[in-house]
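These entries record what I looked up in the structure. I went through charged pairs, aromatic rings, the nonpolar core and a surface patch.

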Amino acid sequence: AIRPVERAVFRGQPLRFTARTGVLDSMRIRLQPASGGEPIDRNATADADTAAFVGIPPGTYRYEATAYAANGDVTGAGEVTVETYSPEFARARARLAENTSGATALQDAMRDGDTKPLHTSWVPYVLLLMLLAAEWILRRRWGLR
């Protein structure tokens, strides 16, 4: 009869539980960590049919909850997870329409005729000749004829 609103929540967000009984007075919850350790007992006042528990450390828990209402008490049990990350660690989404990458700028420049192919320039040929000459000189100095 009592269940979590979300089975997994981000770190820092409250664990919210809801009950089918209608209007709740308060709710008591006991969280037992799945890894073992000290259980967490909390009480919370409820807003209508939902109660929220804040400050729960990250981990997977087995919960046992009791909701107190005017028409009787309701219990429930199950599992819930508090994630180790939170949304501020996630990268913001980028809009593709606003993306002006270097590839787009290069395509625009090539379309406008601002660039010329590498083989039409004299620079790569001079660099190649300098490398060959340097190799020949070094081989001679080292005695590798």
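**Entry 1. Terms for exposure.** I call a residue buried under 20% relative accessible area, exposed over 50%, and partly exposed in between. By that scale Arg30, with a relative accessible area of 33%, is partly exposed. I note at the outset that the model is predicted.

**Entry 2. Salt bridges.** I asked how many salt bridges the structure holds. The count is 3.

I began with Glu6, which forms a salt bridge with Arg16; their closest N and O atoms are 2.7 Å apart. Glu6 sits in the loop between strand S1 (2–4) and strand S2 (8–9), and Arg16 in strand S3 (residues 15–19), so this pair ties together parts 10 residues apart in sequence. I looked up the exposure of both partners. Glu6 has 30% relative accessibility and counts as partly exposed; Arg16, at 34%, also counts as partly exposed.

I then returned to Arg30, whose side chain meets that of Asp41 in a salt bridge, at 3.1 Å from N to O. Arg30 belongs to strand S4 (residues 24–33) and Asp41 to strand S5 (residues 40–47), so the pair ties together parts that are 11 residues apart in sequence. Asp41 is partly exposed, its relative accessible area being 39%.

Another salt bridge joins the side chains of Glu135 and Arg139, with 3.0 Å between N and O. I found both residues in helix H2 (residues 123–142), 4 residues apart, which means that about one helical turn separates them. Glu135 is partly exposed at 39% relative accessibility, and Arg139 is partly exposed with a relative accessible area of 40%.

**Entry 3. Aromatic rings.** A pair of aromatic rings is described by the distance of the centres and the angle of the planes. I noted 3 aromatic pairs in the structure. In one of them, the rings of Phe17 and Phe53 have centres 5.9 Å apart and planes at 70°; since an angle over 60 degrees counts as edge-to-face, the pair is edge-to-face. Phe17 is in strand S3 and Phe53 in strand S6 (residues 50–53), so the pair ties together parts 36 residues apart in sequence. Are Phe17 and Phe53 buried or exposed? Both are buried. I also recorded that ring pairs link Phe17, Phe53 and Tyr63 into a cluster.

**Entry 4. The largest nonpolar core.** I next asked which residues touch the most other members of the largest nonpolar core. Within its 23 residues, these are Ile2, Leu15, Phe17, Met27, Leu31 and Phe53. Two or more residues come from each of S3, S4, S5, S6, strand S7 (59–69) and strand S8 (72–82). S7 gives the most to this core, with 5 residues.

I followed Leu15 in detail. Leaving aside residues up to four places away in sequence, Leu15 touches Val9, Leu31, Ala51, Ala52, Phe53, Ile56, Val80 and Val82.

**Entry 5. A nonpolar surface patch.** Finally, I looked at the surface. Trp122, Val123, Val126, Leu127 and Met130 form a nonpolar patch there, and together they have about 520 Å² of accessible area. I located Trp122 in the loop between helix H1 (102–112) and H2. With a relative accessible area of 63%, Trp122 is exposed, since that term applies over 50%.

Notes. Residues numbered from 1 in each chain as written. Predicted model: local features only at pLDDT ≥ 70, side-chain atom pairs only at ≥ 80, totals over all residues. Heavy atoms only, no water. Salt bridge = Lys/Arg side-chain N within 4 Å of Asp/Glu carboxyl O. Buried < 20%, exposed > 50% of the residue type's maximum accessible area, 1.4 Å probe, protein only. Phe/Tyr/Trp six-rings, centres within 6.5 Å; stacked < 30°, edge-to-face > 60°. Core = buried A, V, L, I, M, F, W, Y, C linked by side-chain atoms within 4.5 Å. Contact = heavy atoms within 4.5 Å. Patch = residues over 30% accessible without salt bridge, like charges linked within 9 Å, V, L, I, M, F, W, Y side chains within 5 Å. Areas by Shrake-Rupley, 256 points an atom, 1.4 Å probe, with all protein chains shown as cover.
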